[in-house]
Structure formats: structure tokens, C-alpha cells
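The points are grouped by topic.

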Amino acid sequence: MEEKKIITPDNDTILEVRNLVKWFPIKGGFFKRTVGNVKAVDGVSFSIKRRQTMGLVGESGCGKSTCGRTILRLQEKTSGEVIFDGQDVFALSKDELRRMRPRMQIVFQDPYSSLSPRLPVGEIIGEAAREHGIVPPEEFDDYITRVMEVCGLPAYYKERYPHEFSGGQRQRICIARALALSPEFIVCDEPVSALDVSIQAQIINLLKQLQKDFGLTYLFISHDLSVVEHISDTVGVMYLGNMVEYAETEEIFANPLNPYTQALFSAIPIPDPDVKINRIILKGSIPSPANPPKGCKFHTRCEKCMEVCKYAPPEWKEVRPGHFCACHLYDEAEETARAQAIMDEAKKSASAPETEEEVL
């Protein structure tokens, strides 16, 4: 019998993602053979400390939501490791994973489509809690009432159905459903993007209060950089399946290193008419994850692109204490030599004459 891989956990770290890869196969031809892959997540690494929030940002299609779902094992990985509280999530058996499920939850982007229209709110919130035996049956009804009240939902909402609520109330129901399982870690997959601005503030404040009261850890996926700056302790920036920068919130917003991060942050509006924003406009559109550019994936849109960027992918490294970045602008002598060797080899291969077999 294969021995389960147990990692000795760092007491401060609840989640560690190591070189996570998730590719989706592209099928083609009469026999539906795999003819390529959509490289949605292509080697992502980060860690989150207990009772903290990590913001994950990037353009649409960069792999943020896929990364969050793969971490929870809602879909299987292609390669890499996800270590939750010292255990490799993908090494768990079906029964072991089921026992771990209550500790890892998700709040989806669209609250309406994630709620069953056929069940009343009380049953939606309590269904999983009953299945996992979170509380004894005789305490179940009072427990669900307490969870609802904590999330700003009166007890008499139990008998109502999702279509009777506004968007903000539905999102509170989704949060209550996750909270009912007494989780330690929650993936918030753009939980406020479908809501009005005033309602967004209420939901963000609710999430922060629940984190304080219950010691929760969040992976907060969002497009709204102002929200991420407000709620997050650390921030990771993704581009086309790769993490390009990661640091504490204050550090990364004050000193973005990667050209993509700089362009992304330059789009944050400043509520002061006297302040001139130096907006960085990215040229072109994001390439296809099924056929990403060679070398640095961002080089086709980067104003600071160098010749080496077109051939050699940049190394992920700690540029400053706690500030990680993948960009050739910060290469040291040894890294520059490796990148130069890759570029020279690529140019040599491209210029080599074709053999007779290759021509045929």
C-alpha cells in the first residue's frame, strides 16, 4: 500500500502551492485525439499564512479561477503539489478528501447560479452541514439560525427561495453556506464582481468581520484592484497561467517590479482631479493559452521587452525580501548567462538547415 505523503507543516502557513499545473486537453480529428493543451495554470507557486488574505489578480483568462478550483481539488491537477495544513490534497483517498472538505470551502462569483432554485434557504445553508455531521441533529436548526444571523440574514428567511432575494442577499446566503461547515480556508472567487458598489462594501466588511471572529484564511480572486488592496495581506499577480509577481500588499502597490504589474496598477482610478495618472496602455490582446509565446509570455505586449525575453522564460526569484518576481530586468550575472545560452541555442536551432527528412 502506497504511503500517504505528509509534509511537516509550518505552524504559520496553512496553504502551500508548489509548481501547480492545470492543462485542459484540446481534442481534434475523427478519433478525438489530443492535439494540444490549454495551459490555464502553468507552474504557480505561493503560500498563505493562517488568518490572512491573499489577493490573486490578473486579466480575464489568466487562470485565477482555475487555480482556485484546482487548489480545492474541484478538478484534478496536471502536476504540482497543494499542501493544506501539512497534507498533500491530491494524495488523499476519496474518504480522506471527504473528511477534509468542510475545512476548505468556496464562495462563487455568481450567487444566483450557485444556489439551487428548488431548495429553501435554510436547506441550502444546512444541507452540507447535516451531511458532514457538523452538529448533533437536535441542535441543527438553532445552529443554522446562528450562522444566518452572523451573516446578516434573519431567521425567517429560512423558508424563502433564492429568487426572492437581491444579489447581495444571495451572496450572504453563499457565504453562510460555506461558514456552516466551520471552514479554516475559503476561496473567494470574485465574490463581489456581480454586485453594486454599495453592496460590495457590505460584503467585503462582512468577510473581514468573519475572518476576525472565526480565524478564517482567504484566497481572494478579483479584478478590482482597489478591493484587493483593501482586503488583502499579500497579493499575487497572474498572467497567462503564470505568477509574475508576489509580495505583501503595501510593498507591491508601492513598488511594483514587473512591467505587467506596473501596467495593471496604473489603471487604478485615483479620486482626485488634480492628480495626473501615468496610465500604461498595453498593446495588443492577451495571447491564447493554447499557444502562448515562447520565452517570457508577456514579451509581445511589453514596452521593456529585450531580445532575450523572446527566447528564454524568466526565472521566479526573490528580488527583495519577501518580494518575488519573474522578469529578465532583475537578472543577475548567473541568470543572464543561462538566459543567453537558451537564446543562443534557440537561434542556432532556428537557423540550422532542414534535413531531407524534415523537408519531406
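**Aromatic pairs and overview**

The count of aromatic pairs comes to ten. One of them joins Phe-84 and Phe-185, a tilted pair with 6.3 Å centre to centre and 45 degrees between the planes. The model is a predicted one. The points below start with the ring contacts, then turn to the strands, the helices and a loop residue.

**Ring pairs across the chain**

- Phe-84 lies in strand E4 (residues 79–84) and Phe-185 in strand E7 (residues 185–189), so their pair ties together parts that are 101 residues apart in sequence.
- Phe-84 has a relative accessible area of 0% and is therefore buried.
- Phe-185 is buried too, because its relative accessible area is 0%.
- Why is the pair of Tyr-260 and Phe-298 edge-to-face? The ring centres are 5.3 Å apart and the planes stand at 70 degrees, and the cut-off for edge-to-face is over 60 degrees.
- Tyr-260 belongs to helix H9 (residues 259–265), while Phe-298 sits in the loop between H9 and strand E11 (316–320). This pair links distant parts of the chain, 38 residues apart.
- Tyr-260 and Phe-298 are both buried.
- One aromatic cluster is made up of Tyr-156, Tyr-157 and Phe-165.

**Charges over rings**

- Lys-22 has its charged end over the ring of Phe-24, at 4.9 Å from the ring centre.
- Lys-39 has its charged end over the ring of Trp-23, at 4.8 Å from the ring centre.

- Strand E9 (residues 234–239) is largely enclosed by the rest of the structure, because six of its six residues are buried.
- In a regular strand, side chains alternate between the two faces of the sheet.
- Both faces of E9 are covered. Thr-234, Gly-236 and Met-238 are buried on one side, and Val-235, Val-237 and Tyr-239 are buried on the other.
- Strand E3 (residues 53–57) runs parallel to E9 and is joined to it by four bridges. Within this pairing, Leu-56 has Gly-236 of E9 as its bridge partner.
- E9 also pairs with strand E10 (residues 242–248), in the antiparallel sense and over six bridges. Here Met-238 has Met-243 of E10 as its bridge partner.
- E9 and E10 form a hairpin with two residues between the strands, in which Leu-240 takes a positive phi near 50 degrees.

**Strands E10, E11 and E12**

- E10 pairs with strand E12 (residues 323–326) in the antiparallel sense, over two bridges. Phe-324 in E12 stands opposite Tyr-246.
- E11 pairs with E12 over four bridges, again in the antiparallel sense. Cys-325 in E12 is the bridge partner of Lys-317.
- The hairpin of E11 and E12 has two residues between the strands. Gly-322 in its turn has a positive phi of about 75 degrees.

**The open four-stranded sheet**

- In what order do the four strands of the open sheet run? The order is E2-E1-E4-E5, and the pairing is antiparallel.
- Strand E2 (33–49) and strand E5 (87–88) are the edge strands, each pairing on one side only.
- Strand E1 (residues 13–28) and E2 run antiparallel and are joined by 13 bridges. Gly-28 stands opposite Arg-33 in E2.
- E4, a member of this sheet, is also the strand that holds Phe-84.

**Helices H5 and H6**

- Two packed helices are described by the angle between their axes and the distance between the axes.
- The axes of helix H5 (residues 167–179) and helix H6 (residues 197–214) come within 10 Å and cross at roughly 15 degrees.
- H5 and H6 are therefore roughly parallel to each other, a class that takes in angles under 35 degrees.
- The crossing of H5 and H6 is right-handed.

**Glu-59**

- Glu-59 lies in the loop between E3 and helix H1 (64–71).
- Is Glu-59 buried or partly exposed? Its relative accessibility is 21%, so Glu-59 counts as partly exposed; the cut-off for buried is under 20%.

Conventions
Residues numbered from 1 in each chain as written. Predicted model: local features only at pLDDT ≥ 70, side-chain atom pairs only at ≥ 80, totals over all residues. Heavy atoms only, no water. Buried < 20%, exposed > 50% of the residue type's maximum accessible area, 1.4 Å probe, protein only. Pairing = 2+ DSSP bridges. Phe/Tyr/Trp six-rings, centres within 6.5 Å; stacked < 30°, edge-to-face > 60°. Lys NZ or Arg CZ within 6 Å of the ring centre and 35° of its normal. Axes fitted to C-alpha atoms, helices over the stretch in contact; angles between N-to-C directions. Parallel < 35°, antiparallel > 145°, perpendicular 65-115°, else oblique. Left-handed = near helix turned anticlockwise from the far one by under 90°.
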